[in-house]
Amino acid sequence: MTDSATEPQATMDLSLFKVPQGFRGRPSWVVQLWWIVQSLLIHTTPQFMYGWRRFLWRLFGAKIGDHVMIRPSARVTYPWKVSVGDNSWIGDRAELYSLGPIDIGSNAVVSQDSYLCAATHDHEKPDFPLVAKAIHIEDQVWIAAGCFIAPGVTIGRGAILGARSVALRDIPPAAIYAGHPAKLLKMRTEQG
């Protein structure tokens with residue numbers, strides 16, 4: 001038998017967790033329909049069908065610019081919380097975990113296997129509530145393969161985040177960062 005006075009205080013009770021009212025931004029049937037469409041009508045498409053994938057993302061509320069290349073295996077949780085500027089690329093198996101807004105600028109690359117996580121949990125509350133925090137990927141940014149972008153991070157215009165890096169804080173414009181956590185390597189030089 002244990003003495004309750006010596007037992008640690010519970011810090012999380014997940015039986016108390018609830019998704020906040022309106023957090024998804026659409027009714028649950030729309031969310032489920034999107035997940036079906038993504039599985040059956042997007043992931044099964046040949047690579048060259050970029051226009052079809054742009055159409056379906058737009059149909060579900062994403063703001064997608066001209067000539068955006070979305071690979072068939074890229075995933076987005078809630079497309080209505082995503083915007084992607086002209087000429088940008090979303091790579092194979094890239095995950096846009098858009099519980100909060102994700103804004104990707106023009107001429108930007110989110111490479112394969114990268115994970116943009118636009119929400120977290122408040123670990124100081126026992127019900128572990130969701131907290132949405134927008135991610136901003138500005139114009140001409142390259143997120144290299146396998147990167148993680150934390151909730152609330154902005155990657156400045158023209159910056160590069162090296163492969164397998166973790167961005168836990170904002171990255172300034174034209175900077176090249178890499179590592180876990182990402183650290184400044186050098187500044188990017190402008191091309192004429």
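Colleague: Which residues line the second largest pocket?

Modeller: In this predicted model, the lining of the second largest pocket consists of Y50, M69, R71, W89, I90, G91, D92, V109, V110, S111, Q112 and W142. A pocket here is an open set of points on a 1 Å grid where a 1.4 Å probe fits, with protein on both sides within 12 Å along at least five of seven lines, and lining residues have an atom within 4 Å of a point.

Colleague: How do the residues of that lining divide into nonpolar, polar and charged?

Modeller: Seven are nonpolar, three are polar and two are charged. In this scheme Asp, Glu, Lys and Arg count as charged, while Gly is among the polar residues.

Colleague: How are residues numbered, and what pLDDT do local features need?

Modeller: Residues are numbered from 1 along each chain as its sequence is written, and side-chain values use heavy atoms, without hydrogens or water. Local features need pLDDT of at least 70 and side-chain atom pairs 80 or more, whereas totals for chains, interfaces and linings use all residues.

Colleague: Now the surface. Which residues make the nonpolar patch?

Modeller: I36, L40, L41, W52, F55 and L59 make a nonpolar surface patch of about 590 Å². Helix 1 (28–42) and helix 2 (50–59) each give two or more residues to this patch. A patch takes residues with over 30% relative accessible area and no salt bridge, nonpolar side chains being joined within 5 Å.

Colleague: Take L59. Is L59 buried or exposed?

Modeller: L59, which lies in helix 2, is exposed, with a relative accessible area of 54%.

Colleague: On to the salt bridges. How many are there?

Modeller: The count comes to five salt bridges, each being a side-chain nitrogen of Lys or Arg within 4 Å of a carboxyl oxygen of Asp or Glu. One of them joins the side chains of R93 and D113, at 2.7 Å from N to O.

Colleague: Where do R93 and D113 lie?

Modeller: R93 lies in the loop between strand 5 and strand 6, and D113 in the loop between strand 8 and strand 9 (115–117), so the pair ties together parts that are 20 residues apart in sequence. R93 is partly exposed at 47% relative accessibility, and D113 is partly exposed at 31%.

Colleague: Which residue forms a salt bridge with D139?

Modeller: D139 pairs with R157, and their closest N and O atoms are 3.3 Å apart. This pair links distant parts of the chain, 18 residues apart: D139 is in the loop between strand 12 (135–137) and strand 13 (142–143), and R157 is in the loop between strand 15 (154–155) and strand 16. D139 has a relative accessible area of 29% and is partly exposed; R157, at 42%, is partly exposed.

Colleague: And which residue does K125 meet in a salt bridge?

Modeller: K125 meets D122, with 3.8 Å from N to O. K125 is partly exposed, at 44% relative accessibility.

Colleague: Let us turn to the backbone. What is the phi of N87?

Modeller: N87 has a positive phi of about 65°, although N87 is not a glycine. Most residues other than glycine have a negative phi, and most peptide bonds are trans. N87 sits in the loop between strand 4 (82–84) and strand 5, and is partly exposed at 35% relative accessibility.

Colleague: What about the phi of R164?

Modeller: R164, a residue other than glycine, has a positive phi near 65°. R164 is in the loop between strand 16 (160–161) and strand 17 (166–167), and counts as exposed at 59% relative accessibility.

Colleague: Which residues does a cis peptide bond join?

Modeller: The cis peptide bond joins H180 and P181, with omega about -5°. P181 lies in the loop between strand 18 (175–179) and strand 19 (182–187).

How values were computed. Patches are made of residues with over 30% relative accessible area and no salt bridge: like charges are joined within 9 Å, nonpolar side chains (Val, Leu, Ile, Met, Phe, Trp, Tyr) within 5 Å. Accessible areas come from the Shrake-Rupley method with a 1.4 Å probe; for residues, only the protein chains shown count as cover. Helices (H or I, at least four residues) and strands (E, at least two) are DSSP runs, numbered from the N terminus. Buried means under 20% relative accessible area, exposed over 50%, partly exposed in between (1.4 Å probe, protein chains only).
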